[in-house]
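Please read each one with the coordinates open beside it.

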Amino acid sequence: MPTRARKSKDRDFFVNARRVVEQAIGEQMDGKPLEKEPPKNEAAVALSKLGAAKGGKARAAKLSPAQRKAIAKKAAKARWSD
């Protein structure tokens, strides 16, 4: 099955090259430290994982086969349309 190429927000070669260099040296080109993501709340992450683990199975159990088929067709159409 062919895969679709990812669409990148930054298609400029120089923007990507600068980002790679900054990540390699661990700081921005002007000497400022790289911005890091703020730490996540561990309790919230654990709670989210609990819900995610059972959410899809519960939803699939309450859908009829016709509903699941319609959802799958809609997803495939969205995935492969341009």
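1. Helices (H or I, at least four residues) and strands (E, at least two) are taken here as DSSP runs, numbered from the N terminus. Under that assignment Pro 33 falls in the loop between H1 and H2. The model is a predicted one, so that local features need pLDDT of at least 70 and side-chain atom pairs count only at pLDDT 80 or more, whereas totals for chains, interfaces and linings use all residues. Residues are numbered from 1 along each chain as its sequence is written, and side-chain values use heavy atoms, with hydrogens and water left out.

2. On the overall fold, the chain has three helices and zero strands, and its elements read α-α-α from the N terminus on. Of its 82 residues, 2% count as buried, where buried means under 20% relative accessible area, exposed means over 50%, and partly exposed lies in between (1.4 Å probe, protein chains only). The accessible surface, from the Shrake-Rupley method with a 1.4 Å probe and, for residues, with only the protein chains shown counting as cover, comes to about 8100 Å², of which 59% belongs to carbon and sulfur atoms.

3. Helix H1 covers residues 13-25 and has 13 residues; from its first C-alpha to its last it reaches 19 Å, close to the 18 Å expected at 1.5 Å a residue, the expected span being 1.5 Å times one less than the number of residues. Gly 26 follows H1 and has a positive phi, near 80 degrees.

4. Which aromatic rings pair? Rings of Phe, Tyr and Trp (its six-membered ring) are paired if their centres lie within 6.5 Å, and planes under 30 degrees apart count as stacked, over 60 as edge-to-face and the rest as tilted. By this rule there is one aromatic pair. Phe 13 and Phe 14 form it, edge-to-face, with 5.4 Å centre to centre and 80 degrees between the planes. Phe 13 counts as exposed because its relative accessible area is 61%, and Phe 14 is likewise exposed, at 61% relative accessibility.

5. Salt bridges, defined as a side-chain nitrogen of Lys or Arg within 4 Å of a carboxyl oxygen of Asp or Glu, number two. One joins the side chains of Glu 22 and Arg 18 at 3.0 Å, N to O; both residues lie in helix H1, four residues apart, about one turn of the helix. An α-helix has 3.6 residues a turn, so residues three or four places apart point the same way. Glu 22 is buried because its relative accessibility is 13%, while Arg 18, at 45%, is partly exposed. Lys 32 forms a salt bridge with Asp 30, with the closest N and O atoms 3.9 Å apart.

6. Where does Pro 33 make its contacts? With contact meaning heavy atoms within 4.5 Å, and leaving aside neighbours within four places in sequence, Pro 33 is in contact with Glu 27 and Gln 28. Its relative accessibility is 62%, so Pro 33 counts as exposed. The C-alpha atoms of Pro 33 and Glu 22, eleven residues apart along the chain, are separated by 9.4 Å.

7. Finally, Ile 71 lies in helix H3, residues 65-80. Ile 71 is partly exposed because its relative accessibility is 36%, and, not counting residues up to four places away in sequence, Ile 71 touches Arg 59 and Leu 63.
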